[in-house]
Structures are given as C-alpha cells and as structure tokens.
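Subject: Structure handover

Hello,

Here is the structure I promised to pass on. Please open it beside this email and follow along.

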Amino acid sequence: MASISLRKVTKRYGKDARAVQVIHGVSAEIQDGEFIVIVGPSGCGKSTLLRMVAGLEEISGGEIAIGDKVVNDVEPAQRDIAMVFQNYALYPHMSVFENMAYGLRIKNVPTDQIRASVDKAAKILELGHLLERKPRELSGGQRQRVAMGRAIVRQPKVFLFDEPLSNLDAKLRAQTRLEIQKLHQELGITSLFVTHDQVEAMTLAQRMIVMNGGMMEQFGTPEEVYHQPASTFVASFIGSPPMNLLKNGPGARKGATMGIRPEHLDIGATGWDMQVDNVELLGAERLVYGRVGSEPLIVRIEESAPSPVRGTTIQVAPREDRVHWFDTTSGKRLNA
Amino acid sequence: MVERRATLGILAHAVMILGVLLVAFPIYLAFVASTHQPQDIVQSPMPLWPGSHLWETYRTALFGGGEGAERPPVARMMVVSFITAMVIALGKITISLLSAFAVVYFRFPLRNLCFWAIFITLMLPVEVRILPTYKVVADLGMLNSYAGLTVPLIASATATFLFRQFFLTVPDELAEAARMDGASPMRFFKDILVPLSRTSMAALFVIQFIYGWNQYLWPLLVTTNQDMYPVVLGIRAMMGGSGESMVEWNLVMATAIMAMVPPAIVVVLMQKWFVKGLVDTEK
C-alpha cells in the first residue's frame, strides 16, 4: 500500500510550438488506502492522468510519486500497480485462470503459489466455477470481475480503474459499484478510479478530483464538492439536474453569478416570479422547468406537493443559506 | 429467400454437376492414363476406363527403374518439393510475423518508409526481379541447394501486410495490459500475438505451401542437378526435349497425380482453420 503524490504534473503531445497541452499542472496528495475518483467530461484529461500514473503515458513535466519513490522513469510493471481497463483487455485465448496468473507467471512465481493466489482472488470475486472458461464465454459482468481478479492477484500497492463500469448495463453497474466498495473496504488498497459518471463518482469516492480542460477544478470529499463547489463548472457538472446559475437574476450582484440547487428553492414563499414552462414527474419528485426573467430555472419539489400548472406564474424563493456566489469571468467561487 | 421448387433444384444440380465434370474430368483422364501402358494411351480413341497397370506405373514413377533408367525417381522430387514448400511457407510466416510486429508495435525512425518499402515489393512479382535475384543467388553459391530454392521466395510483402492488418485490429489495451503484467515485447509477441494469429497463420500456410509447391520458373533457373528438381519441374523434364524416345505418358500422368496429392492433403487437413482464418476473428 502506498500514497500517491502528483506534483505539478503536465502532459504535452507533440513538440515545440505545435505541442498540444492536455494536462495543465495537476497537483494532489493522495493518502495511503484512499479511494479517489477522478471525474470530468470526456476529453478533460482524466484518463491521460491515470495512464500517466500507470506509466502508459510519459510525463511531460512535474513528478508522480508512489509511496516515497518518484516513478517518472519507472516501467509500469515495476511500479507495483494494477489496472482495470474499460474494455477489460482480457487475453482472449487464455482461460480465466491463465489470465489471472499471467502476471505472476512472468515474475516466475512458483506454480503452487500462483494457484493459491488465483484461488484466493477467485474466491473473493466468486469466480471459482469460471476458472477454466475463456473470456468470450463470459458475460460482461463476469469479464469485469476477471479483470478485477487479474488486478487483485498481483497484490499491488495501487489499483487503477479506467471507467471499468461503462460497458455494463445500469443494474449491473449499481451492483458492481457496491462490490468495488466492498472490495476496497476488505483490501484497503489505494485506488484511483476514473469515470465520467458523476453518480459513480459521488457514491464511490472518499475524495474526488473534478477535472475540466486538463485542469483540476476541485479536490475534495463528495460533500464538499456538492455543497461548496469551487467553480461554476463543478456546480453544473456535479448534481442532476445541475445547479441553477443566474447572471442577471433577482438580487444580482455586479460581476457575480448566483448559484442555487433546484432542491434549495421553495415554491409558494414570496420571492421571485417564475413562469412555468414544463413539469416532469420522476417518481418520488417533480422537476419544474421555467424562467425567471430571461434566465432558465429548475426547481425540484416533492411528488406529494401540489404540482404547478404549465403556463402559469408562481412564486419561488431561494434558501438564503444555500445560495452560492461565483465570479462571472473566472467562474471561481466567491463566498466561503 | 430462394424458394424450394423442383425445377429450380434440378437446374441447380445440373449446373453443379456440370461444374464438377469440367474440373474433374481432366484429372480423371490423367488418372486413367496413368493406369495404362504408354502405347495404349496414344491410340485413338484413348481408353476412358482405368486399366490394369496401376501399381507398376506408380512404382516405376516413384522409384525409377524400367527402361528409361536415367530418369530421376519421383520420390526424390517429392521430397525436394515438400521440403521447399515447407521451408517457404514456414519461413514466410516467421519473417512476416516478425516484420509486421516491428512495423505495428515499435516506433523506430523511418518506420513508415520501411513499411512502404515492403509494401511496394507487392507490386513486383518474382519474375520481374528474376535476373538480379539469380545473379545474387549464383554469386552466393546457392545454386542447386535448398537455400537457393527457398530463400529468394521467402521475403513476402503479402504476408507482412496481412499480419499488419491483423495486428492493427488487436486492441491496444491488450499490449498495455501485458506491459503492466511485466511482459517484455518478445514475451507479448510469443504469449499473446502469436496465439491470436493462429488462424491467419493457418490460412497463410495453406496458400504459401501451394505457392511453394507450384513454383516452376525459379527452380528451373537455379537447379541444374536432377537431384534438386522439384516435382513440377520433373514433369516437364519427363516430357523430354530429346524428341527421340516416345514420351511415357503413363509415367507423366502418374507423376502429375502424385504432385497433386500433397497440396490436396494440406488443404483438406487445414480446411477448418483455413476458412476460420479468412472469415472470422477470434476476439
């Protein structure tokens, strides 16, 4: 087990003037045994960052350390890490057992010891009865577990997950999410988990890194990220539906954007005039879409509360202690 | 969908039978000819049913003897052909696998130039570069040797290209996973790429074996010693240039039939793999 330090890490593709920089100086200290989720929209550099920790991409600038050892120039196999790929990358011609044993075989671990490690990992993941099968004979969920098994068998200091759940259907994804959490509790291995799905990020992370355009927007616990978003990007990326951001709403300040989450608006209390455009029922709750002046606004209300009628004007009031302020030009958070 | 109708069925069968006859009849004739005495064959009309001299003809052809004692035995030619075809097929597969591996997985200077250099040789059949190749082989003293028969035919753009295309379809993550597992490049090649290419290798083996077996022009140039004649050349030699003696058509036909057998066996044995390699990819 080990901590991970990212120190002003940058990544450039190409040379000189035509170089494209995709990671702009990311710094983060990850504690031993933490479960960290890196989340962001596609193209934000999250996978590149993970692959740099893995050693599959060169580090253009800055340092990455695993434990107290700087690993910039260390081969992936020597970094004591294991990675689960998005499409699992199982060797198609090898059985499940051989897939899991391959890394140990290369290290020349004795056969009986390999058998023992694989059996142990297979037991944790309930793969015992599948060991002789080929990957193509397995379902998506089973392949995913084999990929995790292959990682566990090597007893690494760090687990790296590159969107491992995105090829699973919704139900299996929720189930696997719980399994990954359980696994992390049992093994306590430092984990880096990349996803574009903010629900996965919120549920799995002990702390999360929110990335946008190659920069780290925020690094904090899910609660911090949700309740004190560091920028308008984080505010609109985390949470569904996203936070309302009003530039010229009622009570607007000059050069500042007001942010308020849909569940922190109360209907009925005297406040703003809101024109109702649409109402959606999501089961336990309703989303009311409308406008305040020219700005779009979404309000989340309980299913049991009376539903506003489309086309009417209603009164909504923000809860004052839940209002966020951001600098309009930089997007950075203004109030603490 | 095609409907099931009696007339259509009959028509389809008629066309197929006609096709089979067209292809099979000359072979049948060759077989018939190989079972008769030479003087019976040249009579008109030639017999259409197998005769009674099957064993003696084949024995004479295979091991020599009989009247034309200076004629080399076909058994020796079959061995030469077999070794040549095997070396060409296996050599091509080995070299092409390695060069495709280099071109796809390594970033070395002038990589694209190397690939295109290989690719351009696709446009040049052996016949075009036959003179310079002959000169090189002769200067290296490889005339009348297996090396001379095989080496110039081994370098193959087609096979390199085929494997390159196949390697490009192998997901990058496999190489990365192997790298994380600590596999060296050659280990990755041996443990993962080669097993995955098995079906392509089988398909290529069949094609190249037949290619090697059927070589005519090149062996004609580099072999002057009858001991090193492959069987295809042997047939030609039997038909003789001397003009004095009568051509022993029964022996020629027997040799032709025997020359067809090994490629046929290779195709039949590897058919399952062959088809698999051409149509599906196991991924």
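Two strands count as paired if DSSP finds at least two bridges between them. Keep that rule in mind for the first sheet. One more point before we start: this is a predicted model.

**The three-strand sheet in chain A**

Strands of a sheet pair through backbone hydrogen bonds, either parallel or antiparallel. Here is an antiparallel case. Chain A has an open sheet of three strands, in the order β11-β12-β17. The pairing is antiparallel. From one strand to the next, the twist averages 30°.

Start with β12(A), residues 256-260, and β17(A). Four bridges pair them in the antiparallel sense. Which residue is the bridge partner of G259(A) in β17(A)? It is H324(A).

Now take β11(A) with β12(A). This pair is also antiparallel, over three bridges. L246(A) has M258(A) as its bridge partner in β12(A).

What about β12(A): how many of its five residues are buried? Four are, so β12(A) is largely enclosed by the rest of the structure.

**The four-strand sheet in chain A**

Chain A also holds an open sheet of four strands. The order is β2-β1-β4-β5, with antiparallel pairing. The edge strands are β2 (20-30) and β5 (69-70) of chain A. Each of these pairs on one side only.

Look at β1(A), residues 4-13, beside β2(A). Seven bridges join the two, and they run antiparallel. To find your place, look for R12(A): it stands opposite Q21(A) in β2(A).

**A helix pair in chain A**

Move on to helices α2(A), residues 96-106, and α4(A), residues 140-153. Their axes are 8 Å apart, and they pack at an angle of about 30°. Are they roughly parallel or roughly antiparallel? Angles under 35 degrees count as roughly parallel. The two helices are therefore roughly parallel to each other. Their crossing is right-handed.

From α2(A) come V96(A), N99(A), M100(A), G103(A) and L104(A). They meet V146(A), G149(A), R150(A) and V153(A) in α4(A). Of the residues in this contact, five are nonpolar, three polar and one charged.

**A helix pair in chain B**

Chain B has a helix pair to set beside that one. Helix α4(B), residues 74-105, packs against helix α8(B), residues 157-169, at an angle of about 45°. The axes are 8 Å apart. That angle makes α4(B) oblique to α8(B). The crossing is right-handed.

The residues that α4(B) brings to the contact include I93(B), L97(B), F101(B) and V104(B). Those of α8(B) include F163(B), F167(B) and L168(B). The contact divides into 10 nonpolar, three polar and two charged residues.

**Where the chains meet**

Next, go to the place where chain B touches chain A. There, 16 residues of chain B are in contact with 16 residues of chain A. Two elements of chain B give two or more residues to its side: α9 (172-180) and α10 (185-196). Which element gives the most? It is α9(B), with six residues. The side of chain B that touches chain A has eight nonpolar residues, one polar and seven charged.

**Backbone details in chain A**

- A cis peptide bond joins S240(A) and P241(A), with omega at about -5°. P241(A) lies in the loop between α8 (232-237) and β11 of chain A.
- N108(A) is not a glycine, yet its phi is positive, about 60°. This residue sits in the loop between α2 and α3 (111-124) of chain A. Is N108(A) buried or exposed? It is exposed, with 7 other C-beta atoms within 10 Å.
- E163(A) also has a positive phi, near 45°. Its place is the loop between β7 (158-162) and α5 (170-187) of chain A. E163(A) counts as buried, with 20 C-beta neighbours inside 10 Å.

Best wishes

Notes: Residues numbered from 1 in each chain as written. Chains lettered and ligands numbered in written order. Predicted model: local features only at pLDDT ≥ 70, side-chain atom pairs only at ≥ 80, totals over all residues. Axes fitted to C-alpha atoms, helices over the stretch in contact; angles between N-to-C directions. Parallel < 35°, antiparallel > 145°, perpendicular 65-115°, else oblique. Left-handed = near helix turned anticlockwise from the far one by under 90°. Contact = placed C-beta atoms within 7 Å. Nonpolar A, V, L, I, M, F, W, Y, C, P; charged D, E, K, R; others polar. Buried ≥ 20, exposed ≤ 12 C-beta atoms within 10 Å, placed from the backbone.
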